[in-house]
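Here is a short tour of one protein model. Keep the sequence and the 3D view side by side as you read.

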Amino acid sequence: MLPHQTDPIVAIATAPGRGAVGIIRVSGPDLAPVINALCARPLKPREATFLPFLDASGAAIDQGLALHFPAPHSFTGEDVLELQAHGGTVVLQLLLARCLQAGQALGLRLAQPGEFTQRAFLNDKMDLAQAEAVADLIDASTETAARSAMRSLSGAFSQAIGSLLTSLTELRMLIEATLDFPEEEIDILQRADVHGRLSRLQTGLNTIARNTRQGALLREGIKVVIAGQPNAGKSSLLNALAGAELAIVSSIAGTTRDKIVQTIQIDGVPLHVIDTAGLRDSFDEIEQMGVARAWGEIDSADVVLFLHDLTRAQPRLALPSASAERSAYETADADIAQSLATRLPRDVPVIDVWNKSDAASVGLDRPIGENQVFLSAKTGDGIEDLRRLLLRSAGWNAVPEGLFMARERHVQALLRVSQHVAAAASHVAAPAPPLDLVAEELRLAQNALGEITGAFGADDLLGVIFSRFCIGK
């Protein structure tokens with residue numbers, strides 16, 4: 001947790017550098033001394049006032065707009081003062097120093113990263129999921145991500161979680177009431193339709209978990225690694241996907257020695273595409289290092305594009321098990337395919353990309369597999385097919401208009417909730433249901449679900465979340 005939560009705090013709330021407008025934000029229990037020192041007059045609540053901002057001698061540092069939001073009607077729930085001045089670096093630093101000087105008796109200090117939003121959370125101005133959405137909105141790299149973050153900030157995700165939490169809490173109360181008053185001999189399982197409630201709860205959980213996974217993809221993006229032998233066209237494929245000449249393309253094998261990373265977007269979903277060194281045995285020490293780094297990127301990929309050169313290899317459904325006689329190139333491809341199958345988790349898709357279709361002599365009319373695509377990185381033919389296949393392979397199938405932003409911790413929390421609810425359902429289905437175990441599983445599910453909005457959560461979790469915000473927010 002961030003220290004001294006009741007201290008008044010101050011920070012520059014706009015990005016570093018020159019700009020037309022720069023904002024100083026102050027928050028705390030009572031800011032009257034700071035307001036009087038800088039503005040030399042009281043401010044009307046929630047009304048912008050144009051005036052000079054004064055230094056200790058009464059001279060003007062700058063002039064601009066001052067706004068006072070008395071508690072609790074402010075972003076943080078405390079008194080908030082915002083000074084909107086000219087956006088020069090020196091001007092803002094002078095104003096910041098003057099605020100600290102004027103608020104010295106109050107204990108005014110510089111804000112830590114995320115401290116304004118943390119106070120909004122602690123003062124019940126927003127829940128934890130909404131607070132995280134503030135940072136997600138700032139960091140959004142696509143229009144779809146920004147709109148989804150705004151939906152979470154407005155409470156769409158929290159409302160969905162709150163509905164599940166209400167159902168879970170009511171069910172837990174029924175079970176525990178039976179444990180507290182066994183003499184009433186109420187058959188809770190039948191009269192309260194516990195089995196039906198659990199079933200509906202699981203259905204709702206599955207729906208939200210599916211949307212949450214989509215939201216996590218939208219926020220985190222998809223790590224796509226292009227792998228294959230040298231001179232198969234990996235750099236050309238990166239350029240084709242990005243729509244720009246980012247990587248050097250050459251007919252000389254081994255041109256790419258280190259990874260090249262480019263973030264693109266498809267339907268608003270960020271894809272972090274990584275071009276790696278060609279995979280082959282080499283006596284060149286630098287190339288060996290590049291190959292080692294390539295495998296390191298492959299090991300952490302969400303999707304692997306295994307690139308094949310159609311001018312040197314024939315497409316097969318399963319390279320490792322093909323019985324026909326292979327060329328040296330095809331044998332090396334088969335070895336790479338075997339290594340991918342061994343090293344990668346089963347849920348990481350590998351897409352076989354058959355490149356150089358414009359120059360190949362093989363027939364390309366017949367489909368050769370669900371996760372395979374023909375294309376020409378040179379002409380762009382088939383690139384759009386690959387884009388669609390990339391999204392489908394990564395599990396993206398959401399409707400952007402109804403999506404909310406989510407994080408990996410939300411995905412993991414919902415997974416734990418599902419596991420506990422499933423365990424409760426299995427106890428209920430037993431011949432002699434152990435209601436104490438059912439109640440315990442529901443309690444654990446309730447706690448895991450409450451972690452998402454901050455209804456339940458450890459202080460260290462909050463510290464980690466808010467420390468990643470920018471200063472001034």
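Which residues does His420 touch, not counting residues up to four places away in sequence? They are Glu441, Leu444 and Ala445. Contact here means heavy atoms within 4.5 Å.

## Ground rules

This is a predicted model, where local features need pLDDT of at least 70, side-chain atom pairs count only at pLDDT 80 or more, and totals for chains, interfaces and linings use all residues. Residues are numbered from 1 along each chain as its sequence is written, and side-chain values use heavy atoms, with hydrogens and water left out.

## His420 and its partner

His420 sits in helix 13. Helices (H or I, at least four residues) and strands (E, at least two) are DSSP runs, numbered from the N terminus. The His420 side chain makes a polar contact with the side chain of Glu441, at 2.9 Å. A polar contact is a pair of N or O atoms within 3.5 Å; within protein, one must be able to donate a hydrogen and the other to accept it, and residues adjacent in sequence count only if both atoms are side-chain atoms.

## Two nonpolar cores

A nonpolar core is a set of buried Ala, Val, Leu, Ile, Met, Phe, Trp, Tyr and Cys residues joined through side-chain atoms within 4.5 Å. Buried means under 20% relative accessible area, exposed over 50%, and partly exposed in between (1.4 Å probe, protein chains only).

The largest core has 37 residues. Leu237, Leu271, Leu305, Ile351, Val353 and Leu386 touch the most other members. Helix 12 (residues 383-393) gives the most to this core: five residues. Another core lies apart from it, with 31 residues, among them Leu164, Val194, Leu435 and Ala445.

Now look at Leu386. Leaving aside neighbours within four places in sequence, Leu386 contacts Leu237, Leu241, Leu305, Ile351, Val353, Val373 and Leu375.

## Helix 9 under cover

Helix 9 spans residues 234-242. Its buried residues are Lys234, Ser235, Leu237, Leu238, Asn239 and Leu241. Their cover includes strand 7 (222-228), strand 8 (260-266) and helix 12. Just after helix 9, Gly243 takes a positive phi of about 75°.

## Ala294

Ala294 belongs to helix 10 (residues 285-299). Is Ala294 buried or exposed? Ala294 counts as buried because its relative accessible area is 2%. Beyond neighbours within four places in sequence, Ala294 is in contact with Thr276, Ala277 and Leu279. Ala294 and Ala227 are 67 residues apart in sequence, and 7.6 Å apart in space, C-alpha to C-alpha.
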